[in-house]
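I opened my notebook to look up a few places in one protein chain.

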Amino acid sequence: MKTLLLFRHGKSDWHADYSHDHQRPLARRGRRAARAMGRWLTHIGPMPDQIISSTALRTRQTCHFARKAGDWAAPVEYEGGLYGADPMDLLDCIRAAPDSSRVLMLIGHQPTWSETIAGFTGRSVMRFPTAAMARVDLPVESWLDVEFGLGTLVWLQIPKELPAAYGGR
């Protein structure tokens, strides 16, 4: 079995000075939520053994703050194609993951994350706020065999619902 973790970037700072949406940074709230989610995932597991992040600044920062707070050791690959991706693009990215990875984390954007979960699980598109993370289990031995309709949503965690011990509200 393979496990996919989908992590949406934290709340971005719409008032920051940036020239293109790709360069929009995290807001303080987004940094705090990324740290909280990093600590929470370390506590409940499973830990990612491979991380692929969008190249957008807010996703790179989300990855940085979560990894540091959670003391994650997984290597990170930055993939420009995750910015503006659709669910089929995400499926291609997942299928290209090395089979040595059992738990793959993707860090990116809406609406692709909720649409992709819907594709894997057959559920309707769900609310997926900033810094939310979902776990989808896939009954395959190889990432090449991943198909829509095969996944089971194990959990969807929203940062504001975390206990205060992790830095939630």
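Predicted model: local features only at pLDDT ≥ 70, side-chain atom pairs only at ≥ 80, totals over all residues.

**Entry 1: P46 and its cis bond**

I looked up P46 first. P46 sits in the loop between α1 (28–44) and β2 (50–54). The peptide bond from G45 to P46 is cis, and its omega is near -5°.

**Entry 2: helix α1**

Next I checked the length of α1. Does its span agree with what its 17 residues should give, or disagree? At 1.5 Å a residue, α1 should span 24 Å. Its end C-alpha atoms are 25 Å apart, so the two values agree.

Then I asked which residues of α1 are buried. I found G30, A33, A34, A36, M37, G38, W40 and L41. The cover over the buried residues of α1 includes β1, α2, β4, β5 and β6 (152–157).

**Entry 3: helix α2**

The buried residues in α2 are L57, R58, T59, T62, C63, F65, A66 and G70. I looked for what covers them, and the cover includes β1 (2–8), α1, β2, β3 and β4.

**Entry 4: how α1 meets α2**

I wanted the angle between these two helices. α1 and α2 pack at about 45°, and their axes are 7 Å apart. Are they parallel or oblique to each other? An angle under 35 degrees would count as roughly parallel, and 65 to 115 as roughly perpendicular. α1 and α2 are therefore oblique to each other. Their crossing is right-handed.

I listed the residues that meet. From α1 come R31, A34, R35, G38, R39 and T42. From α2 come T62, F65, A66, A69 and G70.

**Entry 5: two positive phi values**

D71 follows α2. D71 lies in the loop between α2 (57–70) and β3 (76–79). Its phi is near 55°, a positive value in a residue other than glycine. Is D71 buried or exposed? At 67% relative accessibility, D71 counts as exposed, because the cut-off for exposed is over 50%.

A131 is another residue other than glycine with a positive phi, near 65°. I found A131 in the loop between α4 and β5 (133–138). A131 has 1% relative accessibility, so A131 counts as buried.

I moved to the loop between β4 (103–108) and α4 (112–121), where H109 has its place. H109 has 7% relative accessibility and so counts as buried. Which side chain makes a polar contact with the side chain of H109? The partner is S54, at 2.9 Å. Leaving aside neighbours within four places in sequence, H109 is in contact with H9, S54, A56, R58, T59, L82 and Y83.

P111 is also in the loop between β4 and α4. A cis peptide bond joins Q110 and P111, with omega about 5°.

**Entry 6: L91 in helix α3**

L91 belongs to helix α3 (residues 87–95). At 2% relative accessibility, L91 counts as buried. Not counting residues up to four places away in sequence, L91 touches F120, V146 and F148. I also checked L91 against L144, which is 53 residues apart from it along the chain. Their C-alpha atoms are separated by 9.4 Å.

**Entry 7: R135 in strand β5**

My last stop was R135, which lies in strand β5. Is R135 buried or exposed? R135 counts as buried at 17% relative accessibility, because buried means under 20%. The side chains of R135 and D137 are joined by a polar contact of 2.9 Å. Not counting residues up to four places away in sequence, R135 touches T3, L4, L5, P46, T152, L153, V154 and W155. P46 is on that list, and that takes me back to my opening entry.

Note on methods. Residues numbered from 1 in each chain as written. Heavy atoms only, no water. Helix = DSSP H or I, 4+ residues; strand = E, 2+ residues; numbered from the N terminus. Buried < 20%, exposed > 50% of the residue type's maximum accessible area, 1.4 Å probe, protein only. Polar contact = N/O pair within 3.5 Å; in protein donor to acceptor, adjacent residues only side chain to side chain. Contact = heavy atoms within 4.5 Å. Axes fitted to C-alpha atoms, helices over the stretch in contact; angles between N-to-C directions. Parallel < 35°, antiparallel > 145°, perpendicular 65-115°, else oblique. Left-handed = near helix turned anticlockwise from the far one by under 90°. Expected span 1.5 Å × (residues − 1).
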